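Here are my notes on the model you sent over. Have the structure open while you read, and start from the conventions in the first point.

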Amino acid sequence: MTTMLKLENVGKSFTLHVQGGVELPVFESLDLTVEAGECVALAGPSGIGKSTLIRMIHANYTCPQGRILVHHDGAWVDMASAHPHRVLDVRRRTMGYVSQFLRVVPRVPTIDVVAEPLRAVGMDADQALVEAGNMLTRLNVPERLWSLSPVTFSGGEQQRVNIARGFVHPYPILLLDEPTASLDAANKRIVLSLILEARERGSAVIGIFHDREARETVATRVLDTAELGQRAA
Amino acid sequence: MLGSEQPILSVDNVSHDYGRQRGCAGVSFDLYPGEVMGVVGESGSGKTTLLNVLAGHLTPSTGSVRYRGRSGGEVDIHRMGEPERRLLMRTDWAFVHQNPRDGLRMNVSAGANVGERLMAIGRRHYGNIRGQAVEWLERVEVEHGRIDDLPVTFSGGMQQRLQIARNLVTGPRLVFMDEPTGGLDVSVQARLLDLIRGLVTDLGLSAVIVTHDLAVVRLLAHRLMVMKDGYVVENGLTDQVLDDPQHPYSQLLVSSILQT
């Protein structure tokens, strides 16, 4: 088995300088290893730090303690200390992230939003549009919407655009924060099959799935986030 | 383009003082091809001073700014001869001013504003120059029929788009922008942001963008520096600095944004 992700002794707390310097500890001494083809579901009650952990792996949040090692280009990159230039390269080619919310530039058509990750890894424009279209079709986003900006779409449609964007490039590591949250049963099944396919081709998946059926379908391990590290006092 | 390992711009410990008044102090960073660096901070934080030092308009009191040219060799932009620097500014670099009046010639037509930059780099064929000017005006969404009009007859947003066309027509590699969306209506801003973002991506430009608008850097910049009193107090990935700011001043900036 190939290890794709290693968290070593990771700790996190937030210091709120504007609110009297209040310190909010999240966790400390957290260790986690994820292999290729695995899907690790982070479990635990809300507020325990599941989304925080996912964001730290993506380097969207800083990692003040420990190391977050990512298998990138045959070497280890520590997301906690790597130069931003390197982190951007990891995000472009190795690590995809599907958040709960779609954040897009106004006026950019849906098809371009989905094709962008492919363009970023150097695929030519025509092929990227074809593949983006295939992914949108698979996720039941009707073709008449492709030329429109997703800003005005419904919650479920936006989430499917978000998922299309996250799955259009076969990232070796996928971070999923509630990918099925606002979807109906049919679309949920499609997303679950996308996750299973990603696992089959060897991607390492770390996700938060509040939906039990979703978790039982795709996860190879369910981890209690509170037990991964010591709960910071 | 993105992902290449040699920086296009290397800024090492740059400071600039106005007499006893501090402009910017001890700024260092590397900018890579295809990357956009945002610089935020309030008025007087030193961000425009820094931009002017980077673009060669001001000489730093200490430190150096090195640029890697198309051939791969590095030059210190404050130590090179004036003619070489002027050539570089016409060919490889572009500077988009906050006020389009500072970057445009207001008494010549829109087409001439774009075309004269091509002539400045030695193009002489009138038909080609006009053709390229038309193409660029279309690209920045200035209607075709306005090519012979003076910029004074344009709205603020159109003037800013014209300034961008004038700057990008020569195919620069590095673009400096000072509050490019400042003073424009929100709807006009969105259109301009979308345009700049598309151009930066399509042309693989590197850019340094100074603004006080965090929404602008969220959309345009890969990386972000927060300046206060002349110093960079925080610097990192844009989304990291905005979503998990560490320095008290960055936290204050982010928490001061009005939610809509």
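1. Conventions. This is a predicted model, in which local features need pLDDT of at least 70, side-chain atom pairs count only at pLDDT 80 or more, and totals for chains, interfaces and linings use all residues. Residues are numbered from 1 along each chain as its sequence is written, while chains are lettered from A and ligands numbered from 1 in the order in which they are written.

2. Chain A. Eight helices and ten strands make up the secondary structure of chain A; helices (H or I, at least four residues) and strands (E, at least two) are DSSP runs, numbered from the N terminus. Its C-alpha trace spans about 50 × 40 × 35 Å along the principal axes.

3. Chain B. Here the count is ten helices and ten strands. With a radius of gyration of 18 Å, close to the 18 Å from the globule rule for 260 residues, chain B is as compact as a globular protein of that length. The C-alpha atoms of chain B fill a box of roughly 55 × 50 × 40 Å along the principal axes, and 47% of the 260 residues count as buried.

4. Contact between the chains. The contact takes 17 residues from chain A and 23 residues from chain B; two residues are in contact if their C-beta atoms, placed from the backbone, lie within 7 Å. On the chain A side, helix H2 (residues 84-93) gives the largest share, six residues.

5. Core. The largest nonpolar core has 137 residues, of which Met79(A), Val114(A) and Ala164(A) touch the most other members. Such a core is a set of buried Ala, Val, Leu, Ile, Met, Phe, Trp, Tyr and Cys residues joined through C-beta atoms within 7 Å. Leaving aside neighbours within four places in sequence, Ala164(A) contacts Val114(A), Met135(A), Leu136(A), Leu139(A) and Val141(A).

6. The six-stranded sheet. In chain B, an open sheet with mixed pairing has the order S6-S7-S8-S3-S9-S10; two strands pair if DSSP finds at least two bridges between them. Strands S6 (93-96) and S10 (231-237) of chain B stand at the edges with a single partner strand each, so one side of each is left without a neighbour in the sheet. Inside the sheet, S7 (residues 174-178) and S8 (residues 206-210) of chain B pair in the parallel sense over five bridges, and Val175(B) has Ala207(B) as its bridge partner in S8(B).

7. Strands S1 (residues 9-18) and S2 (residues 21-31) of chain B run antiparallel and are joined by seven bridges. They form a hairpin with two residues between them, and Gly19(B) in the turn has a positive phi of about 60 degrees. Tyr18(B) stands opposite Gln21(B) in S2(B). In helix H10 (residues 248-255) of chain B, Tyr249(B), Ser250(B), Gln251(B) and Leu253(B) are buried. The buried residues of H10(B) pack against elements of chain B including S10 and helix H8 (214-220).

Terms used. Buried ≥ 20, exposed ≤ 12 C-beta atoms within 10 Å, placed from the backbone. Rg over C-alpha atoms; globule rule 2.2 N^0.38 Å.
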